Amino acid sequence: MQPDPSKFELLQQRALMTFRVNLERLNLLVGVAVHDLAEAEFTKLAKETTGADFDLAEPELAPIAMCDKGGVGMAKLAEACEAQSNAKDGSYRPRSPYFVGFTWALRRKNRLGKEHAYLNHTYPQPVPEEFQKEFEDTTSWSPFWGMLSMFCPSGGTVPHLPHYGVPSLEDPFSGADILAELEGERLLIAHREKLIAANSAPLGLLSLGSANIDFSRPFILETPTHIHRGGLASTTPNHPLDGNTGWVQSYHKKNKTVSFTAAAGGRNRVPGVDEFNLTWAGNVFGLMLVSFAAVMKVRAGRGQGLLALTDGVTYGDAYHAYGENHWLGARRAMTSFADMFARFGALARSGFGTHVIESPADDGSTDLWVAVDQPKTGLNE
């Protein structure tokens, strides 16, 4: 016979129940269906869909295995998820603009998870005829760069700067040298444009709003039905989360659609963050892909190509895109506001302790992480 729980244990259980009820409400708000799975169910599903084992003592290792060997595991996962999204005959099945995708998530029963592990998929979106040639070019990274630029509130490259050290979380304008800061921003933009125009693969530091990831193992993989572009995203000290995530953008060659799939694992020592991440990750990934598709639709017919999307979204483009999908505008506004707290999350994480602060090298060692500070003398070419 089990002893009666103490008052403290009852309080913990009530707090956990309230937290999860609110997360379920958030699931509905962001349009992501989160399917909670127990440990055995989740590890079995991950093995069947990716071929990789999820060791839940160190869940951050599984996404690395999925991205190794040219991204075979991530491609397998993406195609398995898309089979859930399309019609039974494999043809494209349009979805309501309210629902953006689904997540298979590990959820511990009766206790707050001290790790996160999930497989997330954003439903396929149509690619306008004007942009299909770029998606079908297996040497081009422009579809990936265009999608990344739609990360809410912004996404893009971060250059390797000529000095190293611990990243600064201070106000970048604290030195009061605004002209120097503006010049630094100009150099960053010039570097970014040069890198993308050269069709460089995403590698190294990438900016996701107020946070940064370290991107490695980029791959372009063609299968009989898809062209997959992706790689491994690892958290840096300037990130509120902690872990590795496999990314894959998948173009269906017959249906002329693009989808996005992520596989994540990690351990954040800040209580509650891993639970929250099971919902929020699907929101930010879904917004990135749906925004990308919406802006492609608005810009079709201008003859600009996908790289034009990396310059950002003009007011007019956004107005038309949000007019057709008003949920998109509302969710981007909500997510942009939430991004304001990313730096606070990174600061809290640094206080509790971190696990993943950079991408692992191919041999299992760690690479030197380059700090994100404002340039003093210019950028490395």
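**Group meeting: a walk through a predicted model**

Hi everyone. Among contacts in this protein between residues at least 6 apart in sequence, 74% join residues at least 24 apart, where contact means heavy atoms within 4.5 Å. This is a predicted model, in which local features need pLDDT of at least 70 and side-chain atom pairs count only at pLDDT 80 or more, while totals for chains, interfaces and linings use all residues. Residues are numbered from 1 along each chain as its sequence is written, and side-chain values use heavy atoms, with hydrogens and water left out.

Let me start with the overall picture. The protein has 10 helices and 9 strands; these are DSSP runs numbered from the N terminus, with helices being H or I of at least four residues and strands E of at least two. Of its 381 residues, 52% count as buried. Buried here means under 20% relative accessible area, exposed means over 50%, and partly exposed is in between, with a 1.4 Å probe and protein chains only.

Now to helix H1. It runs over residues 7-30, which makes 24 residues, and reaches 35 Å from its first C-alpha to its last, close to the 34 Å expected at 1.5 Å a residue. That expected span is 1.5 Å times one less than the number of residues. Which residues of H1 are buried? They are Leu16, Arg20, Leu23, Leu26, Asn27 and Val30. Their cover includes strand S1 (32-37), helix H7 (273-299) and H9. Just after H1, Gly31 takes a positive phi of about 75°.

Glu275 is buried, at a relative accessible area of 3%. Its side chain and that of Arg20 are joined by a polar contact of 2.9 Å. By polar contact I mean a pair of N or O atoms within 3.5 Å; within protein, one must be able to donate a hydrogen and the other to accept it, and residues adjacent in sequence count only if both atoms are side-chain atoms. Leaving aside neighbours within four places in sequence, Glu275 also has Phe19, Leu23 and Arg107 among its contacts. Arg20, Asp36, Arg107 and Glu275 are linked in a network of salt bridges, each bridge being a side-chain nitrogen of Lys or Arg within 4 Å of a carboxyl oxygen of Asp or Glu.

Let's stay with charges for a moment. Side chains of opposite charge can pair when their charged atoms come close. The whole structure holds 14 salt bridges. In one of them, the side chains of Glu60 and Arg267 meet at 2.5 Å, N to O. Glu60 lies in the loop between helix H2 (39-50) and helix H3 (62-85), and Arg267 in the loop between strand S9 (257-266) and H7, so the pair ties together parts that are 207 residues apart in sequence. Glu60 is buried, with a relative accessible area of 7%.

Another salt bridge joins the side chains of Asp68 and Arg217, at 2.6 Å, N to O. Asp68 is in helix H3 and Arg217 in strand S6 (residues 211-222), so this pair ties together parts that are 149 residues apart in sequence. Is Arg217 buried or exposed? At 10% relative accessibility, Arg217 counts as buried, whereas Asp68 is partly exposed at 28%.

Now for some backbone details. Arg217 has a phi near 55°, a positive value in a residue other than glycine. Lys69 is another such residue, with phi near 60°; Lys69 is in helix H3 and is exposed, with a relative accessible area of 79%. There is also a cis peptide bond between Cys152 and Pro153, with omega about 5°. Pro153 is in the loop between helix H5 (142-148) and strand S4 (155-157).

Finally, the surface. Phe337, Met340, Phe341 and Phe344 form a nonpolar patch with about 490 Å² of accessible area together. Patches are made of residues with over 30% relative accessible area and no salt bridge, joining like charges within 9 Å and nonpolar side chains (Val, Leu, Ile, Met, Phe, Trp, Tyr) within 5 Å. Met340 lies in the loop between helix H9 (326-339) and helix H10 (342-352), and counts as exposed at 52% relative accessibility. Phe344 is in helix H10 and also counts as exposed, at 57%. Phe344 and His239 are 105 residues apart in sequence and 9.3 Å apart in space, C-alpha to C-alpha.

Definitions and conventions: Areas by Shrake-Rupley, 256 points an atom, 1.4 Å probe, with all protein chains shown as cover.
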